[in-house]
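Please keep the model open beside this note while you read.

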Amino acid sequence: MKSYRELEIYKESKKLGVAIHKMSMNLPKFELFEEGNQIRRSSKSITSMIVEGYCRRRYKADFTKYLVYAHAECDETILHLEFLFETASLKDENLFTSLKLDYEKLSKKINTFLTWVENNWNEFPTANDPKPET
């Protein structure tokens, strides 16, 4: 793997972050800057944490820490979706259901990848990493 862009969890989290952004811009005005802001931030943080963790992949503890953060942000996004739907700020039940299911799937994929990293990742440089200068 040469780039975080090759990770399925990166691709899915970015696609979903864009979908959340677009959905949130159609919320009632009073929610645009309250719950809308929160859900935009948490949804985009998933992708950010995946990227930051991958960029620190040389250090297994850092990599896993940021994947844990990504997982937490994913579950937080689900909570914000539920708040929006249950308060009737998000009225489209099909959109709510679709986004919630997609985020639940992403949550499982992040958890699976985190478990794989914990069990299989070593802290030594990979073939693609630059060699240290001596």
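1. Contact here means that heavy atoms lie within 4.5 Å. With that in mind, Leu7 touches Met1, Ile50, Tyr54 and Phe113, when residues up to four places away in sequence are not counted.

2. Some ground rules come before the details. Residues are numbered from 1 along each chain as its sequence is written, and side-chain values use heavy atoms, with hydrogens and water left out. This is a predicted model, in which local features need pLDDT of at least 70 and side-chain atom pairs count only at pLDDT 80 or more, while totals for chains, interfaces and linings use all residues.

3. On confidence, pLDDT is the predictor's confidence in each residue, from 0 to 100. The chain has a mean pLDDT of 92, and 91% of its residues reach 70 or more. Where pLDDT is low, the predicted coordinates should not be read in detail.

4. As for the fold, the chain has five helices and zero strands, where helices (H or I, at least four residues) and strands (E, at least two) are DSSP runs numbered from the N terminus. The C-alpha atoms fill a box of roughly 60 × 25 × 20 Å along the principal axes. Of the contacts in the chain with a separation of 6 or more, 71% are between residues 24 or more positions apart.

5. Burial needs its cut-offs: buried means under 20% relative accessible area, exposed means over 50%, and partly exposed lies in between (1.4 Å probe, protein chains only). By this rule, 40% of the 134 residues of the chain count as buried. A nonpolar core is a set of buried Ala, Val, Leu, Ile, Met, Phe, Trp, Tyr and Cys residues joined through side-chain atoms within 4.5 Å. The largest such core has 32 residues, and those with the most contacts inside it are Leu7, Ile9, Met23, Ile46, Leu81, Tyr103 and Leu106. The elements that give two or more residues to this core are α1, α3, α4 and α5.

6. Helix α4 has 27 residues and reaches 39 Å from its first C-alpha to its last, close to the 39 Å expected at 1.5 Å a residue; the expected span is 1.5 Å times one less than the number of residues. Its buried residues, including Phe63, Leu67, Ala70, Cys74 and Leu81, belong to a set that packs against α1, α2 (29-32), α3 and α5.

7. In helix α5 (residues 93-120), the 28 residues should span 40 Å, and the end C-alpha atoms are 40 Å apart, which agrees. Among its buried residues are Phe96, Leu99, Tyr103, Leu106 and Ile110, and the buried residues of α5 pack against α1 (8-24), α3 and α4 (60-86). At the start of α5, a side-chain oxygen of Asp92 reaches to within 3.1 Å of the backbone nitrogen of Asn94.

8. Between these two helices, Ala88 lies in the loop from α4 to α5. Most residues other than glycine have a negative phi.

9. Thr47, in α3 (residues 35-55), is buried with a relative accessible area of 12%, and a polar contact of 2.9 Å joins its side chain to that of Ser13. A polar contact is a pair of N or O atoms within 3.5 Å; within protein, one must be able to donate a hydrogen and the other to accept it, and residues adjacent in sequence count only if both atoms are side-chain atoms. Ser43, also placed in helix α3, is buried with a relative accessible area of 0%, and a polar atom of its side chain lies 3.1 Å from the backbone oxygen of Arg40.

10. How many disulfides does the structure hold? There are zero, a disulfide being a pair of cysteine sulfur atoms within 2.5 Å. The sulfur of Cys74 is 20 Å from the closest cysteine sulfur, in Cys55, which is too far for a bond. Cys55 counts as exposed at 54% relative accessibility, whereas Cys74 is buried at 0%.
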